[in-house]
Amino acid sequence: MHLSSFSLLALGAASANAFRDTSPFFLASTSEILSTSSQLKSAPSLLDDLSSKLSSCPSDYYVIASQPGVHSTDFSTRKSAPRLGAKMTGKDKTIRSTATVNEVVGVLEAKQIQSIIEKECGAQTTAIDGSSGSYPSDFGPDPRVLFIDFPVLPLGKERAQQLSDNDGLLSDIIERIPSSKKYTLLYVTSPREFGESDSGIYQSETDPYQDPVHMDLKRDFAAHSRRSEPASNKSLFQEYQYFTPGLFMGLMATFVFIMILYVGFSALASLEVPYAAFEKDTSASVQKKQQ
């Protein structure tokens with residue numbers, strides 16, 4: 001049950017590529033919270049569900065991790081956030097409730113979840129800057145909201161490393177919570193922002209396939225550019241290559257075979273047989289009659 005809830009990101013990675021304005025959401029708690037995972041849900045609908053579940057104040061500490069600028073493909077492997085994955089897959093035996101939404105349509109504001117907990121549970125908030133990597137040694141009495149504001153993930157090779165570092169910092173903060181207290185982790189993300197030059201359909205960087213519609217457009221554009229090029233003054237032999245290495249090798253092989261055939265036929269034609277070889281030898285039969 002726990003394993004399937006987190007592995008949905010890997011199983012649905014191919015279909016998730018079609019969405020560019022979505023991002024995942026994770027919930028893990030040491031308390032009993034009735035929650036269900038889903039593939040797709042809008043941000044207002046998810047906020048209403050969280051409001052109804054958190055209004056009963058099931059935990060003593062609420063860890064809200066805000067991670068902007070991500071997509072569900074960033075969590076397609078367990079190496080992306082191994083400590084978070086351990087909580088979502090049941091490896092952390094203290095976790096009793098989990099919920100995953102692979103694709104949250106729209107932006108789920110972490111500040112709104114913080115306001116709900118503060119209002120319904122009378123909790124105080126301890127803000128932690130995720131970019132500095134420092135946090136207080138004592139979080140104060142419960143109920144308490146630990147709001148971790150992570151920076152936007154960079155593009156390129158540093159992206160996966162930064163996500164893993166943020167996962168380590170989140171794990172260290174949770175370990176500071178007293179073991180006798182219950183906590184609820186709400187991992188809230190916002191979708192990556194795209195520039196005007198980006199395509200209208202989100203595609204994974206590792207996906208080798210392309211939309212056939214875009215391929216047709218590229219072919220039409222290439223044909224148009226070829227028609228618009230000015231005529232060249234080069235000759236045909238300058239423009240094209242007629243005598244290729246393959247053709248040269250074929251001609252050489254043909255020449256060798258012709259030489260072999262020539263030698264063979266010449267050897268057969270040089271054979272000389274005397275006419276006497278075809279005459280019948282009668283001397284042996286005459287000797288037999290004389291005897």
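This is a predicted model: local features need pLDDT of at least 70, side-chain atom pairs count only at pLDDT 80 or more; totals for chains, interfaces and linings use all residues.
**Close-up views of a cavity and a disulfide**

View 1. Residues are numbered from 1 along each chain as its sequence is written, and side-chain values use heavy atoms, without hydrogens and water.

**View 2. The residues around the largest cavity.** A search of the whole structure finds one cavity of 30 Å³ or more (a set of points on a 1 Å grid over the protein atoms alone where a 1.4 Å probe fits but cannot get out; lining residues have an atom within 4 Å of a point). Its lining consists of Arg83, Leu84, Lys87, Asp167, Leu170, Ser171, Ile174 and Leu185. Helix α6 gives the largest share, four residues.

**View 3. The disulfide between Cys57 and Cys121.** The S to S distance is 2.0 Å, and a disulfide here is a pair of cysteine sulfur atoms within 2.5 Å. Cys57 sits in the loop between α3 (43-54) and β3 (61-70), while Cys121 belongs to helix α5 (residues 110-121), 64 residues apart. The S-S torsion is about -110°, so this disulfide is left-handed.

**View 4. Exposure of the two cysteines.** Cys57 is partly exposed at 27% relative accessible area, whereas Cys121 is buried at 16% (buried is under 20%, exposed over 50%, partly exposed in between, with a 1.4 Å probe and protein chains only).

Technical notes
On a 1 Å grid over the protein atoms alone, a cavity is a set of points where a 1.4 Å probe fits but cannot get out, and a pocket is an open set with protein on both sides within 12 Å along at least five of seven lines; lining residues have an atom within 4 Å of a point. Grid points are joined across faces, edges and corners, and a volume is the space filled by probe spheres set on the points. Helices (H or I, at least four residues) and strands (E, at least two) are DSSP runs, numbered from the N terminus.
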